[in-house]
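Trainee: I should like to learn how to read the features of a protein model. May we go through one together?

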Amino acid sequence: FWKQRPISVISRLTNIVHELLPVVGSYIYDFKLCGRSSEELQQQHAVRLKNTLTRLGPAFIKFGQQLSIRPDIVPATVLKELQKLCDAVDSFEDEIAFDTIKEDLGERAFNQLEGLVLVASASLGQVYKAKKKGSNEIVAVKVQRPDMLNVVSLDLFLLHCYGQFLDDLFHFTTEQIPFHADFIDCFAKGSYEELDYEKEAGNQLFFKEEFRKRKCNVFIPDVHRELTSRRVLTSQWINGTQLAKADPKEIQRLIPVGVELFLTQLLDIGKFHSDPHPGNLYVSPEGQLCLIDFGLCAEVDSKSRRSMTSAIVHLLTGDFDSLINVDAKDLGFLPIDMDVSELKPILTKILDEGLLQSGSNLHARKRKLISISNELNEVFFRYPFSVPPFFALITRGLGLLEGIALTGDPNFDIFQASLPYASRRAAEIYGKHQLHRLRRNNDGSDR
């Protein structure tokens, strides 16, 4: 579609450059060249960045949302401003939203929603609080922004072109297997599905039932199917506080629950919520974790779930031989028939020093990765390394969850937090004897 519209594509690219260049330029001038660092100046830059990302639309707003929960990357002043992108984006007119409800559900259904009041506005839509006519039930009504399909699809097309460019570049300069376009396309597929609120309603009910069966300690609101369409989603109202804004002790208490929920989805259910940003995770007045907004979800097949479970346990127990020889191949990072004897010592150093020793703090991780940059370059340029497409959404989901955790505990380690559940899941899959043998191997008693 967009290939036939080069003028629209060039116009959008020009708009992106026009918006971002002054922001980047002023940041470099003030903080890098002039060495200024006052909180007031940080606040000015934060507001400018937030406004720029808002003007650029949903794809850029989501990028800002991801940054808004990374206290190890972004100063607190900027963090606070960017968090407004989760639920305080500029709203569109109520009349437009009400017309959308009437067009999709009909006048009669619209009249069932009494006292519609705008309470939040995000990248793809805005949320109203209302009361169902003839009852005391309070509901949340999410209405999609106008013309979202065109706006989102153009940016995703540009991202695809960027991924294709990287694949072509690395094909000629390295031994790397092309994966960037597929990686981006996986995220794009999820983003298109996020525009279908009927699919989101199905996801929401699916997870509610799956978590109920597993007795998981999480609350997911009910859906009102009769008041839901492709552009309108009506669900049970939740009273609560955003997890990222809760007391640090509350965050520390609930993040292990959040990590286990994410791993339950990833390693057991086979379908996972890929967008757990601050606007989608709440704490109820009773102290229970609440999960909402199931628009961006992805599936993982049973073979990959089994391999990921094994890989997590092997990584955290230091069994790099199995991780590289078996798991990396099963998951598609390396070709099945590849001889890894030459690559093994390089990857072992990267995994041990670049990930395990640095924990989740990105400053420490960055220093470690810089110190082993030669090894990283060797892996990417000399060997047929690839990244499976569904990892685009896994890394996004884990990154968002990790960022929220770091706001409550600066020493939080996503790897160690994953070990208890991954070990239990591995014991279910492989048996306790096999898991015990794996751990003894790491201790060196069987070597």
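Trainee: Does tyrosine 27 count as buried, partly exposed or exposed, and why?

Mentor: Please bear in mind that this is a predicted model. The class follows from relative accessible area: under 20% is buried, over 50% is exposed, and partly exposed lies in between. Tyrosine 27 counts as partly exposed because its relative accessibility is 40%. Tyrosine 27 belongs to helix H1, which covers residues 6–33.

Trainee: Which residues make a nonpolar surface patch?

Mentor: Val24, Tyr27, Ile28, Tyr29 and Leu33 make a nonpolar surface patch of about 510 Å².

Trainee: Which residues form a negative surface patch?

Mentor: The negative patch consists of Glu93, Asp94, Glu95 and Asp99. Aspartate 99 sits in helix H5, residues 94–105. With a relative accessibility of 39%, aspartate 99 is classed as partly exposed.

Trainee: How many salt bridges does the structure hold?

Mentor: The general idea is that side chains of opposite charge can pair when their charged atoms come close. The structure holds 21 salt bridges. In one of them, aspartate 155 pairs with arginine 12, and the closest N and O atoms are 2.8 Å apart. This pair links distant parts of the chain, for aspartate 155 is in helix H7 (residues 148–173) and arginine 12 is in helix H1, 143 residues apart.

Trainee: Are aspartate 155 and arginine 12 buried or exposed?

Mentor: Both aspartate 155 and arginine 12 are buried.

Trainee: What does the side chain of lysine 131 meet in a salt bridge?

Mentor: Lysine 131 meets the side chain of glutamate 114, at 3.5 Å from N to O. Lysine 131 is in strand E2 (residues 125–132) and glutamate 114 is in strand E1 (residues 113–121), so the pair ties together parts that are 17 residues apart in sequence. Lysine 131 counts as partly exposed at 28% relative accessibility, and glutamate 114 is partly exposed with a relative accessible area of 31%.

Trainee: With which residue does lysine 208 form a salt bridge?

Mentor: Lysine 208 pairs with aspartate 222, and their closest N and O atoms lie 3.7 Å apart. The pair links distant parts of the chain: lysine 208 is in helix H9 (residues 197–213), while aspartate 222 is in the loop between strand E4 (218–219) and strand E5 (232–236), 14 residues apart. Lysine 208 is partly exposed at 26% relative accessibility, and aspartate 222 is partly exposed with a relative accessible area of 37%. Elsewhere, salt bridges that share partners join Glu210, Lys213, Arg214, Asp268, Arg425 and Glu428 into one network.

Trainee: What span should helix H8 have, and how far apart are its end C-alpha atoms?

Mentor: Helix H8 (residues 180–193) has 14 residues, so at 1.5 Å a residue the helix should span 20 Å. Its end C-alpha atoms are 20 Å apart, which agrees. The buried residues of H8 are His180, Ala181, Ile184, Cys186, Ala188, Gly190 and Ser191.

Trainee: Which residues of helix H12 are buried?

Mentor: In helix H12 (residues 320–330), the buried residues include Phe320, Leu323, Ile324, Asp327, Ala328 and Lys329.

Trainee: What separates the C-alpha atoms of arginine 424 and valine 313?

Mentor: The two C-alpha atoms are separated by 9.9 Å, although arginine 424 and valine 313 are 111 residues apart along the chain. Arginine 424 lies in helix H17, residues 414–430, and is partly exposed with a relative accessible area of 40%.

Terms used: Residues numbered from 1 in each chain as written. Predicted model: local features only at pLDDT ≥ 70, side-chain atom pairs only at ≥ 80, totals over all residues. Heavy atoms only, no water. Patch = residues over 30% accessible without salt bridge, like charges linked within 9 Å, V, L, I, M, F, W, Y side chains within 5 Å. Areas by Shrake-Rupley, 256 points an atom, 1.4 Å probe, with all protein chains shown as cover. Salt bridge = Lys/Arg side-chain N within 4 Å of Asp/Glu carboxyl O. Lys, Arg positive; Asp, Glu negative; His and termini not counted. Charge placed at Lys NZ, Arg CZ, Asp CG, Glu CD. Helix = DSSP H or I, 4+ residues; strand = E, 2+ residues; numbered from the N terminus. Buried < 20%, exposed > 50% of the residue type's maximum accessible area, 1.4 Å probe, protein only. Expected span 1.5 Å × (residues − 1).
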